[in-house]
Amino acid sequence: MKYHTINPDLFIKNRKKFAAQMAPQSLAVLNSNDIYPVSADSTLPFAQHRDIFYLSGVDQEESILVIFPDAFEAKHREVLFLRETNEHIAIWEGEKLTKEKARENTGIQTIYWLSDFPSIFRKLMVEAENVYINTNEHYRAGVETETREDRFIKKMKQDYPGHNYLRSNPILQRLRSVKEQEEIDLIQHACNITEKGFRRILDFVKPGVWEYEIEAEFAHEFLRNRSKGFAYTPIIASGNNANVLHYIENNQQCKDGDLILFDVAAEYANYSSDMSRTIPVNGRFTARQREVYEAVLRCKKEAEKLLAPGTNWYDYHKELGKIYTSELLGLGLLDKADVQNEDPDWPAYKKYMMHGTSHHMGLDTHDYGILTDDFVPGMVFTIEPGFYIPAEGFGIRLEDNYVVTNSGTPLNLMKNIPLEADEIEDLMN
């Protein structure tokens, strides 16, 4: 892995928190992701399943974690199964985890090779009454691919039909939504790498550059700082491309007088950052561009005041709708009749700001978190207001990452990334 080794104390704490939520005589099992094929002998780069990483720190394919707090033998209360490495694998694929290295990285003392899994798992299942299975219940999930976890669950239910099957996801949704300090530090590190990338492109952008050239500048800076690269598919949207919310072609030339909307950020150690900025191609905002920019920035600052313990995602967005409406009236994009005649299920402001303002973030860019739960300290959210105006040929989004705190004022993990219009212009000129 490119990233520095993470202290295993984080994963030890995470397993203890998870085990404390399990019912008596219960066993939980979690699998690594597959390596997905492209065609012929090509594969996509491996990306670890975030749940097994969260609980173990294992960042390797064909791994299985079993947590069984009530196991008769103490050594079987935490068990990790790994693909056995050998000289052939080392030559062709590179170093894999040894049992010793796995103990050091995870804090799990009982490590078996994967070939031992069927016999040892059968012994543990005889002791267990309940089994926690790990299904994807994220509110944005729409997965059609059958995963390694899916295949495992199907076979396990066939082999052990008499057990009571429970869901691990509700536990993990709540645990993962509240970050330990070590996790916040890792997200901060990802944000710091993102800052380096953004400052690099402020020196690079000028009329005539291509969106993909800017993408390459970000990639260069991220990789040279031990990131695997982008936390998600980058958006480099110049001109009217910014009005396509998930524009990822990044293949147009940036023209004098246009704005560029960036939604680009680095990952680090599987933890995400998530940044949006909007800058003028020629280094100077027009009067109208600046007027809209300042309105979006005011919305962002108002959202910061609302991101406090005790509220929830739905109430938060309802309040922000009032702020967006006010700013859009001030910009002349809405009038009073638009607001008076609006559909309550799709308010008038949605014509120009049609996405959510905030989402949980962490190991996933759109991270785990139950939206009906109140915000509590340790949750990490984006704040990302935007106004999109196809008729005027530009869109503006501004986004930083925040930790909810006891003080009621969230901690901005991107506070050092240039944001104010004057600062952007000064740095570009």
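**Helix packing and domain contact in a predicted model**

Guide: The axes of helix α8 (residues 181-204) and α13 come within 8 Å and cross at roughly 60°. This is a predicted model, in which local features need pLDDT of at least 70 and side-chain atom pairs count only at pLDDT 80 or more, while totals for chains, interfaces and linings use all residues. Residues are numbered from 1 along each chain as its sequence is written, and side-chain values use heavy atoms, with hydrogens and water left out.

Visitor: Why is α8 called oblique to α13?

Guide: Angles under 35 degrees count as roughly parallel, over 145 as roughly antiparallel, 65 to 115 as roughly perpendicular and the rest as oblique. The crossing is at roughly 60°, and that makes α8 oblique to α13. Axes are lines fitted to C-alpha atoms, for helices over the stretch in contact, and angles run from 0 to 180 degrees between N-to-C directions. Helices are DSSP runs (H or I, at least four residues), as are strands (E, at least two), numbered from the N terminus.

Visitor: Which residues make the contact of α8 with α13?

Guide: Phe198, Arg199, Leu202 and Asp203 of α8 meet Ile424, Leu427 and Met428 of α13, where contact means heavy atoms within 4.5 Å.

Visitor: What makes α10 and α13 oblique?

Guide: Helix α10 (residues 287-306) and helix α13 (residues 421-428) pack at about 125°, with axes 10 Å apart; α10 and α13 are therefore oblique to each other. Arg290, Tyr293 and Glu294 of α10 form this contact with Ala421, Asp422, Ile424 and Glu425 of α13.

Visitor: How are the domains bounded, and how many salt bridges are counted between domain 1 and domain 2?

Guide: The protein is divided into domain 1 (8-176) and domain 2 (181-428), with bounds from an automatic or database domain assignment. Five salt bridges are counted between domain 1 and domain 2.

Visitor: Why is the pair lysine 13 and glutamate 182 called a salt bridge?

Guide: The term requires a side-chain nitrogen of Lys or Arg within 4 Å of a carboxyl oxygen of Asp or Glu. The side chains of lysine 13 and glutamate 182 meet at 2.8 Å, N to O, and so form a salt bridge.

Visitor: What area do domain 1 and domain 2 bury between them?

Guide: They bury about 1700 Å², 49% of it on carbon and sulfur atoms; buried area is the accessible area (1.4 Å probe) that two parts lose on being put together, summed over both. In domain 1, Arg50, Tyr139 and Arg176 lose the most area to domain 2, together 34% of what that side buries.
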